[in-house]
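Dear colleague,

Please find the structure below.

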Amino acid sequence: MASTNGKPKLALYWASSCGGCEIAVLAIHEKLLEVAEAFDVVFWPCAMDFKQAEVEAMADGEIDVCLFNGAIRNDHNAHMAHLLRQKSKVLVAFGSCANEGCMPGLANFTDREHILRFIYQESPSTDNPQGVRPQLRTEVPEGTLELPDFWNTVKTLDQVVPVDYYLPGCPPEAKWVAAAVDAIVTNKLPPPGSVIGMDVAVCDECPRKRDVKKITRFYRPYEIVPDPEICLLEQGLFCAGIATRAGCGALCPSVNMGCRGCYGPVEGVEDIGARLISAIGSIIEAKTPEEIDAVLDTLPDPAGYFYRFSLARSFLRRTRMGQQDGRRVAEPIAEVPRLEPELAD
Amino acid sequence: MSKTNFSELNPAWGDRQPILVGFLCNWCSYRAADLAGTSRLGYPATLRDIRIMCTGRLDPAFVLKALREGADGVLVMGCHPGQCHYQEGNYKAMRRIALLRRTLAQLGVHPDRVQLAWASAAQGTIFTEKVAAMTDVVGRLGPLEWRDTIEDPAPQMKVLSLEEVAHG
Ligand code: FES
């Protein structure tokens, strides 16, 4: 349905996110005037005073395009995802949180109970002797106060509602936001389900040279001064570029920092960790279990490196859940009991 | 071989058996499995084998997907070190599986649920021994049931009054 001023209607929403994606929208600079020219902004709580009830009152499909950033980690996020899906013709997963879970998705290494306990009781700056926790509903003289339920598992937008387009990145680079705006304005959108961006890996945009060297250990960034021209991974610095979608112009590797993986897995890869394990397995110089262990000991926290941005959309999605005192909690394995010597021995 | 009652190893099995997915290289271990079959060697019926050309072809995604889709363990078998038909494949597999096991441990999956073993085309007995050993390890670890981890039913919280909240 066209709005009264004849312009298509645009909504922007943030669920579980940091606000960086909202700034990424502003980073398209004067193109923003084109957006204002072309669209009627009907919902953008970060920038203007809109109410959820106004969206609820809209007809289904009344919003032409909704740019949705943020992951889904509580009942309200999910409610807004369903609501905006219902009211929007085109729903775009905007930014890494909506695409892969991003930083909020790292909460999938733990669970709700541990998060609430740390935030409300154990963190050094918390003073809460009675251990008060947020409650779903609290009766006060004025009525009932409600808070959305907080989930154990952070989800991506498309794990909750169907998504039409994906605009990856933490945050998406301005040129791709602009490209998406152009595509929408000129009605030249790619087939639904497409990623608006590139389908090659960060390495394809990276100016560094690869000389197919094998590595015998990893270094943390503070341990060496990297050569400015050679591939960082081949110098033993962890870089996720090989498994990460291009589109950023290889910003991090260009300034001596390994790719963090914020554009999510490259086209054709479902699980970024699997691809990185494959790649790292190929470049390590080690042939016995002892040599391999020695090299891998120099790469602490591999799951954290591999799934920094993409844990929520990885194959396993989170740490294993189990029961403890009648509560569902994450079960990380700290000390691994050895059951058998490795079968290959 | 008589049917093992896995609930004796770990009560969580109930009357179900461990499900192992095997990735066997075409040139050695898959032939070892064939030999075990033609020699009528007995071994636990827990392994679903999938033939791959070489353990170097094993994308770690196969393993993660198997675990997600209901496998309790994954056994990868190939040619002995130095005997890979593509020279380096099994060394790559060694490094990948080692790194994968570390990653899995951080995700709460016991690393012994994913193991690598060697059996040449002539080692049907070794093949059966490895399957039996892997079955025993996974049997003791219990079911993985990844679906339970992903399908996380929202926990119900109690409705408290302000009084109750303040006084715990
Ligand atoms: S061919 Fe058997 S492991 Fe490579």
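Two strands are said to pair if DSSP finds at least two bridges between them. Helices (H or I, at least four residues) and strands (E, at least two) are DSSP runs, numbered from the N terminus. This is a predicted model, in which local features need pLDDT of at least 70 and side-chain atom pairs count only at pLDDT 80 or more, while totals for chains, interfaces and linings use all residues. Residues are numbered from 1 along each chain as its sequence is written, chains are lettered from A in the order in which they are written, and side-chain values use heavy atoms, without hydrogens and water.

In chain B, four strands form an open sheet with parallel pairing, in the order E2-E1-E3-E4. Strand E2 (47–52) and strand E4 (114–118) of chain B stand at the edges with a single partner strand each, so one side of each has no neighbour in the sheet. Strand E3 (residues 73–78) of chain B pairs with E4(B) in the parallel sense over five bridges; B:Val74 has B:Val114 in E4(B) as its bridge partner.

Chain B also meets chain A: 60 residues of chain B are in contact (heavy atoms within 4.5 Å) with 62 residues of chain A. Between chain B and chain A there are three salt bridges (a side-chain nitrogen of Lys or Arg within 4 Å of a carboxyl oxygen of Asp or Glu). A salt bridge joins the side chains of A:Lys287 and B:Glu88 (3.1 Å, N to O). On the side of chain B that touches chain A, H3(B) gives the most, with 14 residues.

With kind regards
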